[in-house]
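Q: I have this one open and have not looked at it before. Can you take me through it?

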Amino acid sequence: MKRSRINEIMAEAEEMIARHGFVLPPFARWSEAEFRRPEAAAIVERRCGWDITDYGEGRFDEMGLFLFTLRNGRLEDLRAGQGMCYAEKLLISRKDQLSPMHTHVIKAEDIINRGGATLAVELYGSDAEGAFDESAGGRVFCDGIARDFAPGEVLKLAPGESVTLMPGDWHAFWGEGGDVLIGEVSTVNDDETDNVFREPIGRFAEVEEDAPPRHLLVSDYASRL
């Protein structure tokens with residue numbers, strides 16, 4: 001993705017987030033120099049901040065996602081069973097923009113429609129080894145109520161509604177009828193290793209530097225800080 005396009009997506013996301021009355025934390029506006037301060041170490045290490053991906057396919061409008069990691073715990077705490085074992089994100093899924101079929105090995109997550117159009121979530125179950133199984137359904141919780149799903153069933157979440165997904169629940173999602181502001185509340189998030197896609201695609205975009213960054217991406221931290 002061109003950096004100039006990433007900057008445009010950030011600006012559009014900021015406008016949508018503001019329209020829904022959500023305010024991002026102060027580090028959303030930090031300069032590169034501010035991220036280099038010693039007191040910023042935990043934010044960098046836990047990869048909080050801006051995240052825009054086209055899954056390495058170069059078709060963001062058709063397959064992509066905007067994310068902002070608001071807070072994230074440590075895998076060490078999760079393994080120990082105490083401490084900061086949770087994470088929170090804000091996402092934007094655009095109209096008909098696919099976030100492709102995937103699951104997680106560790107992470108359980110609530111996906112919440114925070115506002116906008118309908119959030120469509122396609123679901124499949126796993127086989128005995130946790131691999132994608134096109135013939136498997138399963139059970140999720142929608143706003144605390146158990147719901148069995150058939151393989152390939154598409155949940156339609158209106159604003160305020162949510163679904164709880166466990167490791168092994170394969171899912172894809174998109175905005176139906178318009179753009180959707182999404183909340184994600186989960187166990188500790190590790191985007192480096194805990195995303196398992198049905199198809200062999202990448203989690204992060206490859207960036208072509210044709211403009212200065214509006215804000216750093218979490219994927220910039222390793223190379224720029």
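Q: Where does the charged end of Arg37 sit?
A: This is a predicted model. In it, the charged end of Arg37 sits over the ring of Trp30, 4.7 Å from the ring's centre.

Q: And Arg203, which ring is that one over?
A: The ring of Phe204. The charged end of Arg203 is 4.7 Å from the centre of that ring.

Q: Back to Trp30. Which aromatic cluster is it part of?
A: Trp30 belongs to one formed by Phe27, Trp30, Phe35, Trp50, Phe66, Phe68 and Tyr221.

Q: How many aromatic pairs does the structure hold?
A: There are 9 aromatic pairs. One of them joins Trp50 and Phe68 in an edge-to-face arrangement, with 5.1 Å from centre to centre and 90° between the planes.

Q: Why does that pair tie together separate parts of the sequence?
A: Trp50 is in strand β1 (residues 49-53) and Phe68 is in strand β2 (residues 65-72), so the pair links parts that are 18 residues apart in sequence.

Q: Are Trp50 and Phe68 buried or exposed?
A: Both Trp50 and Phe68 are buried.

Q: What about Tyr124 and Phe132, how are their rings set?
A: Their planes are at 55° and their centres 4.8 Å apart, so that pair counts as tilted. Tyr124 and Phe132 are both buried as well.

Q: Changing topic: how many disulfides are there?
A: A search of the whole structure finds 0 disulfides. Cys48 is in none, and the nearest cysteine sulfur to it, that of Cys85, is 15 Å away.

Q: Cys48 and Cys85, buried or exposed?
A: Cys48 has 5% relative accessibility, so it counts as buried. Cys85 counts as buried too, at 19% relative accessibility; the cut-off for buried is under 20%.

Q: Now pockets. How much space lies in the largest pocket?
A: About 300 Å³.

Q: Which residues lie nearest its centre?
A: Glu45, Arg46, Arg47, Asn72 and Asn189 do, out of the 17 residues that line the largest pocket.

Q: What classes make up that lining?
A: The lining of the largest pocket has 9 charged residues, 4 polar and 4 nonpolar.

Technical notes. Residues numbered from 1 in each chain as written. Predicted model: local features only at pLDDT ≥ 70, side-chain atom pairs only at ≥ 80, totals over all residues. Heavy atoms only, no water. Disulfide = S-S within 2.5 Å. Buried < 20%, exposed > 50% of the residue type's maximum accessible area, 1.4 Å probe, protein only. Phe/Tyr/Trp six-rings, centres within 6.5 Å; stacked < 30°, edge-to-face > 60°. Helix = DSSP H or I, 4+ residues; strand = E, 2+ residues; numbered from the N terminus. Lys NZ or Arg CZ within 6 Å of the ring centre and 35° of its normal. 1 Å grid on protein atoms, 1.4 Å probe; cavity = no way out; pocket = protein on both sides within 12 Å on 5 of 7 lines; lining within 4 Å. Points joined across faces, edges and corners; volume = space filled by probe spheres on them. Nonpolar A, V, L, I, M, F, W, Y, C, P; charged D, E, K, R; others polar.
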